Amino acid sequence: MSSIDWNPIEPLIEAARVCVISSHMRADCDALGSELALAALLRSLGKQTLIVNGDGVPEHIGFMDPDGQVRVLGETIQPEEVQGADTFFVVDTSAWGQLGPMADLLREFTGTKVLIDHHVSSDDLGVQVFKDSSAEATGRLILELAEHLGVEIDTQTAKLVFTAIATDTGWFRFPSVTGTTFRALARLVDGGASPPDVFSALYEKHSLARLHLRGRILSHIESHAGGRLFTSAVSQQDFQETHSATTDTEDAINSLLSIDGSRVAALFVELPDGQTKVSLRSRGGFDVSAVAEQFGGGGHRAASGIRVSEPLAEAQRMILDALLRALG
């Protein structure tokens, strides 16, 4: 079990009537699964819920939200509708920079503000914090909260939480996995989650464009620090020529970390607006979150992300320099 004392959240939930739930931009399975699972939990307690993000659900994980519960600020919901809620939940991020346009709404929100997260990095969001940085996924914390409140989750919620845990642990490969992880997974499978179905939905329905882009990423791999650090980059030209999208880079970084002898991997992605998204992964104890925080990013010791305004070449130079210094 986590180190979180859930007792203080009980009166907050009891007093809530209309709850807005949000997470970081470019939601991954843990963010999306946590949002949807928390919404289901709150609805079972008689609360109205609104899930609102700064951008839409990435296409490759759209199967998690078949009913289109997630709304996009400024597109399918307006700020005044969000401000009409009385309780604001933020899940799976503790960083202002990751909230996108939802950050301003959180700052202006006058009701109760609650954070549930498992990341090490943390800004002061002016919220009541329920965090366990040793937990393998925020989704598992939502499951723990449900059990604390005596709420029995349904089959769809079990699938969502299983997906959150499976992906945030690299399908149970990361050091964050413990016996607690597998005990939680057993309860989720008993509750209707099907590991083969989740795996197939995530990894066996790729488009041809996604695979063509993966080939580009692999062909661009470079070795640094005597084979301890591997990097690759994706330009807008790569996306255009393969007819792929930014979301098609998801999980590609794991191929870099699979190289024998690698300790750290970095994938640089040129975004349409000229900014650069950087994914960092590590093994063997190297803390990539410490490097990410230097550039306003954050995450876990073994998996972190950065978004910088610099163009691709400049972002590669400055972040590669920081990684090499950290590697010694």
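Two strands count as paired if DSSP finds at least two bridges between them, and helices (H or I, at least four residues) and strands (E, at least two) are DSSP runs, numbered from the N terminus. This is a predicted model, where local features need pLDDT of at least 70, side-chain atom pairs count only at pLDDT 80 or more, and totals for chains, interfaces and linings use all residues. Residues are numbered from 1 along each chain as its sequence is written, and side-chain values use heavy atoms, leaving out hydrogens and water.

**View 1. Here are strands E2 and E3, side by side.** Strand E2 (residues 48–53) pairs with E3 in the parallel sense, over three bridges. Look for Val-52, which stands opposite Arg-71 in E3.

**View 2. Step back and you get the open sheet.** Its six strands run in the order E3-E2-E1-E4-E5-E6, with parallel pairing. Strand E3 (70–72) and strand E6 (128–131) are the edges, each pairing on one side only.

**View 3. Now for Phe-162 and Phe-172, a ring pair.** Rings of Phe, Tyr and Trp (its six-membered ring) pair if their centres lie within 6.5 Å; planes under 30 degrees apart count as stacked, over 60 as edge-to-face and the rest as tilted. These two have centres 6.2 Å apart and planes at 70 degrees, so they're edge-to-face.

**View 4. Phe-172 also pairs with Phe-182.** With centres 5.8 Å apart and planes at 50 degrees, this pair is tilted. Ring pairs link both into a cluster whose members include Trp-171 and Tyr-203.
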